[in-house]
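User: Hi! I'm new to reading protein structures and would like to learn how to look at one. Could you walk me through it?

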Amino acid sequence: MTILDNIDLAIEAGSSVAIVGASGSGKSTLLGLLAGLDSASSGSVRLLGRELSEDERAALRSGSVGFVFQSFQLMPHLTALENVTLPLELQGGGGIGTREAATHARGLLEQVGLGKRTGHYPKLLSGGEQQRVALARAFVTHPAILFATNPRAVSTPPWATRSSI
Ligand SMILES: Nc1ncnc2c1ncn2[C@@H]1O[C@H](COP(=O)(O)OP(=O)(O)OP(=O)(O)O)[C@@H](O)[C@H]1O
Ligand SMILES: [Mg+2]
């Protein structure tokens with residue numbers, strides 16, 4: 001089955017692009033390809049001026065690219081602060097120190113209005129609060145590109161059939 005056919009898309013640095021379309025039309029599939037989470041049966045994707053290769057995908061994911069998924073994908077056994085700090089810890093030796101990482105993560109949680117919720121586990125947070133934790137986590141590594149699936153999902157009624165990537 002063909003999901004995406006003859007796609008030719010260029011997104012300029014610094015721009016914000018929303019891709020909208022009917023449910024099942026292929027938005028999430030396209031995002032997966034652009035973000036290097038998936039590979040196409042033919043064609044190529046260039047990200048930040050570089051052809052996406054198998055080797056580069058993991059490196060890109062850990063640094064240059066941030067994701068906010070529709071279901072947020074927060075780690076249930078980590079607090080909000082620990083969830084936001086995690087990407088910095090995964091960067092390992094090349095990243096910043098533990099204390100600095102926590103300070104930076106706390107600052108981001110304050111920016112999204114969750115300064116008083118840093119010690120809460122995801123299940124104790126509302127859907128919108130979880131989404132804001134996911135946003136803070138996506139920004140913590142200063143990604144060059146942020147990919148977000150259904151960023152308005154929280155406020156979109158479940159019966160809506162159009163959604164943005
Ligand atoms: N893992 C999969 N295996 C097989 N087919 C899939 C898979 N994921 C999605 N599809 C199919 O690919 C098509 C595009 O799906 P996709 O998830 O990209 O749509 P979408 O535009 O993001 O939809 P929505 O707005 O509902 O999130 C659909 O027909 C779907 O059934
Ligand atoms: Mg989708």
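User: How many residues surround ligand 1, and which are the closest?

Analyst: Good place to start! This is a predicted model, where local features need pLDDT of at least 70, side-chain atom pairs count only at pLDDT 80 or more, and totals for chains, interfaces and linings use all residues. Residues are numbered from 1 along each chain as its sequence is written, chains are lettered from A and ligands numbered from 1 in the order in which they are written, and side-chain values use heavy atoms, with hydrogens and water left out. A residue is near a molecule if one of its heavy atoms lies within 4 Å of it. Here 11 residues surround ligand 1, and S23, G24, K27, S28 and T29 are the closest.

User: Which polar contacts does ligand 1 have with T29, G26 and S25?

Analyst: A polar contact is a pair of N or O atoms within 3.5 Å; within protein, one must be able to donate a hydrogen and the other to accept it, and residues adjacent in sequence count only if both atoms are side-chain atoms. In T29, a side-chain N or O atom sits 2.5 Å from an oxygen atom of ligand 1. For G26, a polar backbone atom is 2.9 Å from a ligand oxygen, and for S25 a backbone N or O atom is 3.2 Å from one. On its own, ligand 1 has 630 Å² of accessible area, and the protein covers 52% of that. Accessible areas come from the Shrake-Rupley method with a 1.4 Å probe; for residues, only the protein chains shown count as cover.

User: Which helix gives the largest share of the shell around ligand 1?

Analyst: Helices (H or I, at least four residues) and strands (E, at least two) are DSSP runs, numbered from the N terminus. Helix α1 (residues 27-34) gives the largest share, three residues. The protein has five helices and six strands.

User: Is T85 buried or exposed?

Analyst: Buried means under 20% relative accessible area, exposed over 50%, and partly exposed in between (1.4 Å probe, protein chains only). T85 counts as buried because its relative accessible area is 6%. T85 belongs to helix α3 (residues 80-90). Contact means heavy atoms within 4.5 Å; not counting residues up to four places away in sequence, T85 touches A101, A102 and A105.

User: Which residues of α5 are buried, and what covers them?

Analyst: In α5, the buried ones are E129, Q131, V133, A134, A136, R137 and A138. Their cover includes β4 (65-68), α3, α4 (98-111) and β5 (145-148). Across the protein, 33% of the 165 residues count as buried.
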